[in-house]
Structures are given as structure tokens and as C-alpha cells.
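Open the model in your viewer and keep the selection panel at hand. We will go from stop to stop, selecting a few residues each time.

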Amino acid sequence: MQINGQCHCGSITYEAEIDPDDVSICHCTDCQRLTGTAFRVTVSTAATQFTMTGNPPRRYEKRADNGALRLQFFCGDCGSPIYTTGEGKDAEVVGIRWGSINQRSQLKPRHQIWCRSSMGWLDEIPGLPGRPGD
Ligand SMILES: [Zn+2]
Ligand SMILES: [Zn+2]
């Protein structure tokens, strides 16, 4: 499936070819901290299928629990997370941040990881009082 995406301010844009089955949720505490919310949704694809078409993103490096260096790319102007990749063999795969994808409403998660730090209240969301707008 062909997708494209951008950060909130539009400075950073990209195109990619992805498999809609490679959509996952991560509940790890790093993703909670880096996104500012309960979990992260990411679409993984081969680095060769991912092309940046706008301004260059900024990079933040973090060391994962397994010792691997993770490179987090985001917009230096608006702060939107764009994608992640790694070093060496890990550089062959990019994890595109779901919220930056223009076609995201067609992409739903197929699996989840780091469930041991998942918030227990996620199951309760369907029962919360809700409104269609603000
Ligand atoms: Zn931006
Ligand atoms: Zn994570």
C-alpha cells in the first residue's frame, strides 16, 4: 500500500510503500515518555521503501533496554515524531509513526508489544462518557 505523511507543521514530508499488516502498538515506557501519551502506534517497512520528500528531520538517540541504539526522527519545528530506525542491520527497517500518516484511518494495529507496561485503563475507554467533538 502506498502512503504519504507529514509532521503537524508540514515542514517534513515523506512517501512509503507499506504492508497494512505491519502495524503495531508499543506500550513501553520509552514510547509513553517520547509520545507524551499511553502507547505508540507504528508501521514498519523496509528502509528502501521509505523516502523523505521535505526538510530534514532532527534526530534523538536513545539506548533501548536490550542495548541497541534507537534513532528517533522528529520535526525540529513542531516536534511531531516521524520515524525510528537503528544501526547496522536495524537500519534496514524504519518504523513510521502512525499519527504522521495521511492514510492512518485505514491502518489498524495487528499486534502489540511491551504489554507488561500497558495501562490497565485502556480496556475501560469504550465505557467512558464521550462527545463527537470538543
Ligand atoms: Zn513540523
Ligand atoms: Zn516502545
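Start by selecting Pro81, Arg97, Trp98, Gly99 and Ser100: of the 16 residues that line the second largest pocket, these lie nearest its centre. A pocket here is an open set of points on a 1 Å grid over the protein atoms alone, where a 1.4 Å probe fits, with protein on both sides within 12 Å along at least five of seven lines; lining residues have an atom within 4 Å of a point. The volume of this pocket is about 210 Å³, counted as the space filled by probe spheres set on the points, which are joined across faces, edges and corners. Its lining divides into five nonpolar, eight polar and three charged residues (Ala, Val, Leu, Ile, Met, Phe, Trp, Tyr, Cys and Pro count as nonpolar, Asp, Glu, Lys and Arg as charged, the others, Gly among them, as polar).

A word on the model: it is predicted, so local features need pLDDT of at least 70 and side-chain atom pairs pLDDT 80 or more, while totals for chains, interfaces and linings use all residues. Residues are numbered from 1 along each chain as its sequence is written, chains are lettered from A and ligands numbered from 1 in the order written, and side-chain values use heavy atoms, without hydrogens and water.

Strands are DSSP runs of E of at least two residues, and helices are runs of H or I of at least four, numbered from the N terminus; two strands pair if DSSP finds at least two bridges between them.

Zoom out to the open sheet of seven strands, with mixed pairing and the order β6-β7-β8-β9-β4-β3-β10. At its edges, β6 (58-63) and β10 (111-113) each pair on one side only.

Next, select the zinc ion (ligand 2) with Cys26, Cys28 and Cys31, whose SG atoms coordinate it at 2.1 to 2.3 Å. Donors are N, O and S atoms within 2.8 Å of the metal (3.2 Å for Na, K and Ca); water is not among the atoms, so sites may look incomplete.
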